[in-house]
Number of protein chains: 2
Amino acid sequence: VLPKTLGITGIGLLGGSIAIRARQVFKENIKIIGFSRNPDKIKALPQSKVFDEVLSYSELSKISECDLTIICTPVLLIPKVFKSIKTFLKSDAIVTDIGSTKYKIIKEISDSSFIGSHPMAGSEKNGFENSDPSILINATCVITPYNNSESQVKTVSEFWEGLGMKVIKLPPELHDEIVAQTSHSIHIISFLISYTLSESKYSNENFYNIYGKGLLDTTRISKSDPEMWYDIIATNNENILEFLEKFRTNLENIERTLKDGKNLEAIKKIMEKAKEFREKL
Amino acid sequence: VLPKTLGITGIGLLGGSIAIRARQVFKENIKIIGFSRNPDKIKALPQSKVFDEVLSYSELSKISECDLTIICTPVLLIPKVFKSIKTFLKSDAIVTDIGSTKYKIIKEISDSSFIGSHPMAGSEKNGFENSDPSILINATCVITPYNNSESQVKTVSEFWEGLGMKVIKLPPELHDEIVAQTSHSIHIISFLISYTLSESKYSNENFYNIYGKGLLDTTRISKSDPEMWYDIIATNNENILEFLEKFRTNLENIERTLKDGKNLEAIKKIMEKAKEFREKL
């Protein structure tokens with residue numbers, strides 16, 4: 001069942017991409033209301049015409065019109081925004097979100113109208129001006145039902161599928177454990193590579209020509225927004241720590257082998273296993 | 001001065017790309033002789049027509065025709081190949097290479113006809129069939145003169161520049177120290193991410209949809225050839241170790257901060273510095 005009225009609270013890269021894509025696929029069959037800290041800035045952008053209305057957070061009472069509301073803010077704000085809109089929600093309204101971590105948010109919100117979503121789409125950029133509806137097409141959206149009804153699951157799944165996403169259902173704890181390994185820890189490692197390079201005596205423009213494509217690809221995600229990633233790390237620190245410890249143990253093994261120098265073949269075996277796994281993805 | 005006859009020993013992705021590009025830019029003004037362990041396999045590929053001759057290593061005496069020979073083998077083979085061709089070289093012949101490490105090779109070869117080159121172009125693929133001359137255009141080529149004459153430096157520089165590369169001159173030790181940081185250690189870290197993920201209980205195809213673009217970019221270079229990387233690591237282990245130790249110290253700091261949980265803002269500062277540096281590249 002397509003929601004008649006969709007609320008988007010937080011009009012950044014992902015909230016904007018969702019609104020634009022919803023307008024593309026659902027045409028005039030959906031009303032889209034956007035809420036922003038800075039509605040004037042949003043309305044100054046030509047792509048804001050995909051919204052029927054762009055309102056400030058002081059006009060949140062208009063959430064009462066929305067059948068489905070997607071909270072599109074950084075993770076730590078999601079429970080706060082939920083609290084602000086809760087009083088205005090109509091009885092059968094559904095609220096979801098786009099947060100990259102799920103368990104702590106869901107526990108904090110602890111409300112049957114809320115069902116967690118994690119559309120796995122984005123970019124190292126941010127802001128409505130960088131919105132790109134194509135990032136949603138064929139991307140995965142994990143939904144993490146937790147005390148939700150079948151009909152809530154169905155509405156939210158169909159909405160994301162309608163945008164062209166592939167929906168996977170996972171328990172919130174399992175979701176957080178997996179993305180800690182496949183995304184969150186990887187971002188920290190990428191940030192750490194750039195950080196360690198920034199401390200090098202060769203981190204100046206005389207040498208930038210020597211920075212190859214491998215390095216640039218490996219550190220692309222270290223251009224991501226630290227504010228956004230702070231929230232993700234703060235709400236998934238235990239799972240991230242667990243993966244980083246395994247990674248560091250493997251790193252220490254390599255260091256010992258390099259230092260000792262007698263059994264460098266062991267590093268070749270690690271590279272072979274790594275390559276074999278990576279080729280499958 | 002354009003060499004009249006160019007020798008390419010080892011016809012893989014990079015040797016092949018150099019030959020194809022040399023034919024594109026120098027047209028019929030250059031004769032190109034390729035030497036391969038498996039000349040029949042090379043000659044079966046249509047792009048082998050860029051060579052005037054494709055010979056086996058048993059015909060290395062034909063090196064006597066070459067003004068410039070580029071040894072395009074994995075790093076540890078470079079001194080061995082040099083030794084095999086040395087007896088056939090004419091008196092003013094120049095030999096260079098494409099190895100990703102320079103100091104140990106140059107010391108081992110220790111011959112005034114040899115001048116080290118490191119064209120910083122490549123891909124996670126390998127083999128002549130994956131050759132792509134465009135990878136050379138605008139890419140950097142480091143040359144590392146060491147007891148070489150001005151005219152040798154000039155000939156080799158002009159050759160790489162003729163292919164469309166940007167030539168930088170560096171002492172071999174400095175070259176190795178810098179690329180340990182900007183490439184070799186980064187490859188090891190990327191291999192280690194894939195390796196650590198391969199050990200996870202979620203490393204099966206049920207979860208591959210959850211592996212995001214950030215992870216795929218960060219681990220692209222872990223699809224590189226372990227044989228080739230073994231040689232690079234074996235000839236630059238001390239510099240690599242130095243960078244990996246710094247990286248690990250920073251990683252341990254993050255782990256402590258995550259475990260303690262009280263000062264997560266410190267991680268935000270690291271991410272901000274990382275992003276600021278990465279934006280410059």
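These legends go with several close-up views of a predicted model.

**Figure 1. Chain A as a whole, to get our bearings.** Chain A is built from 10 helices and eight strands. Its C-alpha trace spans about 70 × 45 × 30 Å along the principal axes. Of its 281 residues, 60% count as buried.

**Figure 2. Zooming in on Ile189(A).** Set aside the neighbours within four places in sequence and look at what is left around this residue. Within chain A, Ile189(A) is in contact with Phe243(A), Leu244(A) and Phe247(A). Over in chain B, its partners are Ile189(B), Ile193(B) and Phe247(B).

**Figure 3. Where helix α8 of chain A meets helix α10 of chain B.** The pair consists of α8(A), residues 226-234, and α10(B), residues 265-280; their axes come within 9 Å and cross at roughly 145°. The crossing is right-handed. On the α8(A) side, the contact is made by Pro226(A), Glu227(A), Trp229(A), Tyr230(A) and Ile233(A). α10(B) brings Glu265(B), Ile267(B), Lys268(B), Met271(B), Glu272(B) and Lys275(B). Sort these contact residues by type and you get six nonpolar, five charged and no polar ones.

Figure 4. α5(B) runs over residues 150-162, which makes 13 residues. From first C-alpha to last it reaches 18 Å, close to the 18 Å expected at 1.5 Å a residue. Its buried residues are Gln152(B), Val153(B), Thr155(B), Val156(B), Ser157(B), Phe159(B) and Trp160(B). Just past the helix, look for Gly164(B), which takes a positive phi of about 100°.

**Figure 5. A proline inside a helix: Pro79(B).** Pro79(B) lies in helix α3 of chain B, residues 78-86. Is this proline buried or exposed? Pro79(B) counts as buried because its relative accessibility is 10%, and the cut-off for buried is under 20%. Beyond its neighbours within four places in sequence, Pro79(B) is in contact with Ile105(B), Glu108(B) and Ile109(B). Lys169(B), 90 residues from Pro79(B) in sequence, sits 21 Å from it, C-alpha to C-alpha.

Notes:
Residues numbered from 1 in each chain as written. Chains lettered and ligands numbered in written order. Predicted model: local features only at pLDDT ≥ 70, side-chain atom pairs only at ≥ 80, totals over all residues. Heavy atoms only, no water. Contact = heavy atoms within 4.5 Å. Helix = DSSP H or I, 4+ residues; strand = E, 2+ residues; numbered from the N terminus. Expected span 1.5 Å × (residues − 1). Buried < 20%, exposed > 50% of the residue type's maximum accessible area, 1.4 Å probe, protein only. Axes fitted to C-alpha atoms, helices over the stretch in contact; angles between N-to-C directions. Left-handed = near helix turned anticlockwise from the far one by under 90°. Nonpolar A, V, L, I, M, F, W, Y, C, P; charged D, E, K, R; others polar.
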